[in-house]
Amino acid sequence: MPPTAVQLLQNQNVGELLDQDDVGLSSIESGEDLFLFREYVRKVLEKRGSDEQCDDVITVVNEIVVNALVHAGGACSCRLTFYERAVLVEVQDTGPGMKSVSALTQVNPSSLGDECLESGRGLVLVAMLSLVWTFASTDYGSAVTALLPLGGGL
């Protein structure tokens with residue numbers, strides 16, 4: 001069984017819990033809606049970390065949310081939990097799920113095959129940018145959780 005969000009935080013020096021933001025994603029129906037969602041996330045991240053850290057978080061959030069929207073076909077939600085030195089990204093959906101993946105799984109980009117493919121790299125980016133991450137099938141669908149440095153960094 002993959003680690004839970006609480007287990008992902010163990011042995012990580014994230015500091016004190018600062019804030020939490022829940023974002024409903026049911027209104028995302030177009031590329032324009034997705035753009036507005038990313039802009040909302042950028043605004044939430046403002047002054048919490050460097051531009052590079054914020055870009056990494058937005059990339060990870062975007063990849064996880066797009067995967068949920070494309071593959072789940074149902075409702076999904078996003079939670080951002082802010083700590084002094086990190087942000088925990090949690091996206092849950094009502095899709096059918098897939099094999100659970102451990103946060104320690106190594107993702108090899110060369111195993112993706114054709115370099116010209118325009119999809120199939122989402123979880124590779126999540127793995128490369130996150131300190132730790134996990135994917136798990138739940139009773140209600142799927143959950144992807146990723147921990148990224150933010151603010152003081154780790």
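What share of the contacts in the protein chain with a separation of 6 or more comes from residues 24 or more positions apart? With that as background, at what angle do the axes of α2 and α3 cross, and which residues make the contact?

Analyst: The model is predicted. Residues 24 or more positions apart account for 69% of the contacts in the protein chain with a separation of 6 or more. The chain has 154 residues, 40% of which count as buried. It contains 4 helices and 5 strands, and from the N terminus on these elements follow the order α-β-α-α-β-β-α-β-β.

Within this order, the part in question is the pair formed by α2, residues 31-45, and α3, residues 51-72. Their axes come within 10 Å and cross at roughly 140°, and the crossing of α2 past α3 is right-handed. On the α2 side, the contact is made by Leu34, Phe37, Arg38, Val41, Arg42 and Leu45. On the α3 side, the contributors are Cys54, Asp55, Val57, Ile58, Val61, Asn62, Val65 and Val66. By class, this contact comprises 10 nonpolar, 1 polar and 3 charged residues. The spacing of such positions can be read against helix geometry: an α-helix has 3.6 residues a turn, so residues three or four places apart point the same way.

The surroundings of the pair complete the picture. Glu29 counts as exposed because its relative accessible area is 71%, where the cut-off is over 50%. Glu29 and Leu69 are 40 residues apart in sequence, yet their C-alpha atoms are 8.9 Å apart in space.

Between α2 and α3, the loop contains Lys47. Lys47 is not a glycine, but has a positive phi of about 65°. With a relative accessible area of 85%, Lys47 is likewise exposed. Arg48 lies over the face of Phe82, at 3.9 Å from the ring centre. As for ring-to-ring pairing, the count of aromatic pairs is 0.

Helix α3 also takes part in the packing of α4. The buried residues of α4 (residues 122-129) are Gly122, Val124, Val126 and Ala127, and these pack against α3 together with β4 (132-137) and β5 (142-149).

Terms used. Residues are numbered from 1 along each chain as its sequence is written. This is a predicted model: local features need pLDDT of at least 70, side-chain atom pairs count only at pLDDT 80 or more; totals for chains, interfaces and linings use all residues. Side-chain values use heavy atoms; hydrogens and water are left out. Axes are lines fitted to C-alpha atoms, for helices over the stretch in contact, and angles run from 0 to 180 degrees between N-to-C directions. Helices (H or I, at least four residues) and strands (E, at least two) are DSSP runs, numbered from the N terminus. A crossing is left-handed if the near helix is turned anticlockwise from the far one by less than a right angle, and right-handed if clockwise. Contact means heavy atoms within 4.5 Å. Ala, Val, Leu, Ile, Met, Phe, Trp, Tyr, Cys and Pro count as nonpolar, Asp, Glu, Lys and Arg as charged, and the others, Gly among them, as polar. Rings of Phe, Tyr and Trp (its six-membered ring) pair if their centres lie within 6.5 Å; planes under 30 degrees apart count as stacked, over 60 as edge-to-face and the rest as tilted. A charge sits over a ring if NZ of Lys or CZ of Arg is within 6 Å of the ring centre and within 35 degrees of the ring normal. Buried means under 20% relative accessible area, exposed over 50%, partly exposed in between (1.4 Å probe, protein chains only).
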